[in-house]
Amino acid sequence: MATATVLTDFVRYLVTNDDLVGPSERLSLERMLKAPPSSYSGIWETGVLSGEQLAEAIGGFHGLGRAAVDQIEFRPELTADLSPRFLRAAWALPALEKGRQILVIADPTREEAIEAAVAALGERVEMRVATFEEMAMLFERLLSRDQATVSAPTEQTAARAQRAAEEDLDRLHDLASGAPIVRAVDQLLETALNLSATDIHIEPQPDGVRVRMRVDGMLRTMQPLSNDIARGVVSRIKILAGLNIAEHRLPQDGRARITINTTRADFRVATMPTLHGEALVARILVKGAEALDLSRLGMASRDYSVLSIQIAEPHGLIVVAGPTGCGKTTTLTAALSSLNSPERKIMTIEDPIEYQIAGVSQTQVKPSINLTFANAMRSFLRQDPDIMMVGEMRDSETASIGIQAALTGHLVLTTLHTNSASDAIIRLMDLGVETFLLASALRCVIAQRLVRRLCERCRAPATDGAGAEHSALARRGFVPRPGDTCFRAVGCPYCGESGYRGRVGIFEVLPVDAELSGLIREDVDPQNIQAAAVRAGMTTMLDDGFAKYRKGITSIEEVLRVTV
């Protein structure tokens, strides 16, 4: 049976099964019947069902049992004839469960890949269904095991090559291109992709080289590299990014487009000489990532309603404010996706393009040929756009053009690096925007942060108490209420012992009404703007964080970490 038919039948099975889905999920699934996803992973990525719900439904539909992931064991001989990349692409993994050989799968429609895995095992085995999140965790464990297994011979090989190639550029290039180093870098990138890490940090230390990855906004320590192998790894990454591998005394920046297990990504690399050697940070931006729906960002109903009204206006300026890495681009892209229609022409200038949106004209900043934010916006105005998105207002020229565009019938969306919504207004004035123009053009400011979600598998109820911590919370306005479901982080293998998995936004949405417009003047105090907005009903980021703590979405430590 064709995959498309299986998926259509599966979605229909979900829609008619009251035990599996609720009314809100059924509505989304009914819409999905008109355009079924191409795979089970496509259904998972929509977020309509949780991983657990989807796995239970797949098992029931295909007559397969659930895998006991906590009892899974790996044996080298089971995967010796199978490529880890092939297995990951197929969402299939041979393993032992309670001593019995099984094939753990997440997507039964990958029939050819499953048959290939079964043939490589040499015998017919039972299949068990796991969630896509569990499969990612199992692959992470498998990679960690394989990396530990090959680390010793890889380090010895790299050490011999490095000693023979000291200060010899050609030999250094050979070292970086050798199979052990290429394999080590591939494993590093695959692990980062599996963990959804945004950055890889390689940092020389007196006793070795530390490797850390930024997962959910926090750095997580990985298996360290020896000094011998680290030089080859750094050189390999520099080659990928087009950097000079012979230069170790000066900082360098480079970028490349790479493919990791069929996933395309932008790869941005920055090096820095340090006391103990050359440090390197690599940022991974997955290409073709789907933009989130605006309703799934985690906004409170009032904030979502206000923002929806503001972006529906035909002209004006909408600003998303916050520090680097707080999800500003994701929010803007979600807003653009909700506005995207054949009746509107939307143009963006970004650095870099993180999300690709069908039907939107997206342009990448290229300073080397003088394609800057300001120059691109001037050209946009001659392209008859309805909506423009500017990745960031960095200078007075870009701000001036953006304000003029907002006043001449265009909806302009942009970002600023400020701490709060009221501070964004002051920042625009600092960029030289006249107050009377700003008061007329500015429609809405959204300030945001990202907090880590508590892992639903290991979170524990937060105990009530009195003490310094609770007194501090009371001073910041937090008062326990009946019905609160507060939790704290614990840690388990599923979340990497961090207690958290994934992130969610906390927001403050400040619409500029007549009262606030009157406050925008040269001697304006951001605290007065904040107070007026709160009187008008604005929820501050701190209060939004408290609300998510009350619902058990995050911990109070996370809320205070990003708002203090």
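Which residue forms a salt bridge with Asp484? In this predicted model, the partner is Arg550, and the closest N and O atoms of the two residues are 3.0 Å apart. The pair links distant parts of the chain, as Arg550 belongs to helix α21 (residues 541-550) while Asp484 sits in the loop between α18 (468-475) and β19 (487-488), 66 residues apart. Arg550 counts as buried, at 11% relative accessibility, whereas Asp484 is partly exposed, with a relative accessible area of 24%. Salt bridges that share partners also occur, and they join Glu52, Glu56, Arg66 and Arg457 into one network.

A further salt bridge brings together the side chains of Asp351 and Arg394, with an N to O distance of 3.5 Å. Asp351 lies in the loop between β13 (346-350) and β14 (361-364), and Arg394 in the loop between β15 (387-390) and α15 (396-407), so this pair ties together parts that are 43 residues apart in sequence.

Arg110, at 25% relative accessibility, counts as partly exposed.

For the model as a whole, the count comes to 21 salt bridges.

How values were computed:
Residues numbered from 1 in each chain as written. Predicted model: local features only at pLDDT ≥ 70, side-chain atom pairs only at ≥ 80, totals over all residues. Heavy atoms only, no water. Salt bridge = Lys/Arg side-chain N within 4 Å of Asp/Glu carboxyl O. Buried < 20%, exposed > 50% of the residue type's maximum accessible area, 1.4 Å probe, protein only. Helix = DSSP H or I, 4+ residues; strand = E, 2+ residues; numbered from the N terminus.
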